[in-house]
Amino acid sequence: MEFKLKGELRASGSLEELKERLASWVEELNRDLLIRGAKKPEDGARISEWVVDGNRLLLTIESGKAVRAHSALLRVRSFLSQRLGRYRLGVRGLKAEEVKVYLDRLTMSAEEARRLLEGLAEVHVLESGGYMVVFKELSGRDLEKGIVDRVLRKIVPVEAVVKETEKPHYVPMGYVLKRSPRKEVKFDGEVSEWAERLGWAKRYPGRGQWILAAPTTALLRCLTDMIIERILRPMGFEEWMLPKLTPMTVMARMPGYFDKLAEGMIYAFTPEREEEALKDFKRRFALTGELDLESLRREVGGPGYVLEPAQCTPFYQFFSGEIVNLDDLPVKIFDRSGWTWRWEGKATRGLERTIEFFRLEAVWMAEPKEAARIRDEVAYRSMEFADKILDLEVRMVVGAPFYMSGDEAAKTQVDISSSERVPTLDLEAWLPYRGSREDSEWLEIGAYSCHRDKYVKSFRVKEAKGRDVWTGCAGFGMTRWITAFLAQKGFNPDDWPGEIRRRLGKLPEPVKTVTWPRG
């Protein structure tokens with residue numbers, strides 16, 4: 001994938017007297033900023049031509065796939081805004097007169113692409129057998145909204161996370177499949193400690209629970225919305241709202257929970273709703289103000305529910321006992337309506353390992369190969385988002401079930417010769433405060449699974465003609481996403497990527513009392 005852009009930046013005054021200075025700035029941009037984030041210089045961007053015309057700087061930018069030309073133009077704007085300020089000038093506008101994208105393959109025919117992109121871009125077939133997509137007259141707002149990348153996501157095949165091989169290829173769980181470039185470290189403090197010190201979060205009396213104050217909540221909502229807008233909705237996922245209180249009879253259909261995680265779930269008791277219920281418990285509390293837990297246990301009986309530990313359970317229950325038609329699939333949904341509860345067998349630790357955590361969950365049902373392809377695309381897009389948009393240092397690894405210990409995972413071998421053979425992919429982020437990249441434990445922030453027919457069978461879902469149907473899910477642990485973000489970028493919004501700053505605007509101030517935060 002290659003890009004060639006012709007564009008312009010418009011200053012608040014004439015640039016004619018700054019030509020020599022601009023020459024040195026262009027050299028600096030090509031040497032550093034426009035290749036930052038690219039593993040190889042040719043995957044970055046470079047200004048190949050430039051000319052000054054009054055208050056306009058006319059540019060030609062060529063690039064590879066890592067730092068795309070249209071993104072590079074935004075970097076140039078940010079860079080020049082700072083430099084021109086010294087001369088009492090500012091950048092008043094930018095546009096791309098033309099953006100050409102050269103592609104080897106499309107996900108559809110050229111004619112289908114033309115119909116899809118009518119009014120947005122032109123699609124040309126090259127004599128070499130490749131394709132050229134041409135965008136014209138893109139405004140600064142178009143570039144900021146990511147119009148080019150949005151279009152390309154519709155027509156360009158996703159790069160495979162799992163590289164297929166003819167022979168079986170066994171690796172241990174935790175094996176690194178792909179990693180982002182190293183990123184600049186801007187902060188090395190322990191996130192939970194600083195969040196409390198600044199008043200961004202406060203520990204709740206329950207184990208592994210936190211109150212997220214306004215700044216933290218704003219950041220969490222921002223990242224959640226961006227994942228939905230950039231990853232899930234472009235892939236055709238629709239929003240549902242799923243229950244978070246699950247009957248134990250339903251949970252029993254979820255393999256791996258009552259047999260592997262029974263001690264890690266939160267159980268709910270539901271007494272009869274009548275005046276005589278819990279009479280002794282209420283009387284003792286009214287008289288003494290003390291909780292008589294023994295009386296409570298005697299009266300409530302056994303639990304009937306669990307607080308939802310997986311978030312996707314109600315999706316499978318929706319189809320339980322139903323007959324689906326493969327021709328009507330896939331069904332792709334996401335849920336962001338609440339918390340998930342489970343204790344995963346390790347000690348709780350700050351905001352990174354809690355019992356109550358906020359998740360964005362995507363679930364799908366599809367034909368087998370498509371189910372695996374959807375999983376791979378969500379995983380790939382998630383890593384691209386973390387790497388390119390959030391500027392996080394991340395890696396994709398062969399995932400292990402959440403209930404499995406690290407020692408068990410290291411001893412378990414997985415065949416990665418094809419995507420369908422890999423049950424789970426985990427997206428992990430480096431936390432600088434834990435230690436070096438090489439020696440510290442990275443934090444899992446996303447898990448992307450292809451279940452094959454496991455839940456189809458356990459929930460007794462039938463296909464009209466007896467054909468195979470698979471499911472998959474993707475869990476975005478949003479409290480972990482903000483932990484990873486703050487661990488690498490710190491608590492100063494000036495150090496955050498530009499798109500985050502633009503979307504958030506002014507971050508809300510934390511509430512303060514005489515005694516809190518304790519600083």
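Biologist: Hi! Which residues does arginine 68 touch, not counting residues up to four places away in sequence?

Modeller: Arginine 68 touches Met1, Phe3, Ser63, Asp149 and Leu152, where contact means heavy atoms within 4.5 Å. This is a predicted model, in which local features need pLDDT of at least 70, side-chain atom pairs count only at pLDDT 80 or more, and totals for chains, interfaces and linings use all residues. Residues are numbered from 1 along each chain as its sequence is written, and side-chain values use heavy atoms, with hydrogens and water left out.

Biologist: Where is arginine 68, and is it buried or exposed?

Modeller: Arginine 68 lies in the loop between β3 and α2. Helices (H or I, at least four residues) and strands (E, at least two) are DSSP runs, numbered from the N terminus. Arginine 68 counts as buried, at 17% relative accessibility. Buried means under 20% relative accessible area, exposed means over 50%, and partly exposed is in between, with a 1.4 Å probe and protein chains only.

Biologist: Okay, and what does lysine 100 touch?

Modeller: Leaving out residues up to four places away in sequence, lysine 100 touches Glu2, Phe3, Lys4, Met132, Val133 and Val134. Lysine 100 is in strand β4 (residues 91–103) and is partly exposed, with a relative accessible area of 24%. The C-alpha atoms of lysine 100 and alanine 121 are separated by 9.7 Å, with the two residues 21 apart along the chain.

Biologist: Let's switch to helix α1. Which of its residues are buried?

Modeller: In α1, Leu22, Trp25, Val26 and Leu29 are buried. Seen down the axis of α1, the buried residues fall within an arc of 105°, so they line one face of the helix. That arc is the one made by the directions from the helix axis to the C-beta atoms.

Biologist: What do those buried residues pack against?

Modeller: They pack against β2 (45–53), β3 (56–63) and α2 (69–85). The face of α1 turned away from its buried side carries the exposed residues Glu20, Glu27 and Arg31.

Biologist: What should the 13 residues of α1 span?

Modeller: Helix α1 (residues 19–31) should span 18 Å at 1.5 Å a residue, and its end C-alpha atoms are 18 Å apart, which agrees. The expected span is 1.5 Å times one less than the number of residues.

Biologist: New topic: rings! How many aromatic pairs does the structure hold?

Modeller: The structure holds 18 aromatic pairs. One of them joins phenylalanine 187 and tryptophan 194, edge-to-face, at 5.9 Å centre to centre with 75° between the planes. Rings of Phe, Tyr and Trp (its six-membered ring) pair if their centres lie within 6.5 Å; planes under 30 degrees apart count as stacked, over 60 as edge-to-face and the rest as tilted. Phenylalanine 187 is buried, with a relative accessible area of 14%, whereas tryptophan 194 is partly exposed at 28%. Phenylalanine 318 and phenylalanine 319 also form an edge-to-face pair, 5.0 Å centre to centre with 70° between the planes.

Biologist: Which residues form one aromatic cluster?

Modeller: Trp240, Phe315, Tyr316, Phe318, Phe319, Tyr455 and Phe459 form one. Phenylalanine 319 is buried, with a relative accessible area of 8%.

Biologist: And which ring does the charged end of arginine 395 sit over?

Modeller: The charged end of arginine 395 sits over the ring of tryptophan 442, 4.1 Å from its centre. Lysine 332 has its charged end over the ring of phenylalanine 237, 5.7 Å from the centre. To count, NZ of Lys or CZ of Arg is within 6 Å of the ring centre and within 35 degrees of the ring normal.

Biologist: How about the backbone? Which peptide bond is cis, with omega near 15°?

Modeller: That is the bond from leucine 329 to proline 330. Proline 330 is in the loop between β15 (323–324) and β16 (331–335). Another cis peptide bond joins tryptophan 516 and proline 517, with omega about 0°. Most residues other than glycine have a negative phi, and most peptide bonds are trans.

Biologist: Where is glutamine 311, and what is its phi?

Modeller: Glutamine 311 is in the loop between β14 (305–307) and α11 (313–319). It has a positive phi of about 75° although it is not a glycine. Glutamine 311 is buried, with a relative accessible area of 0%.
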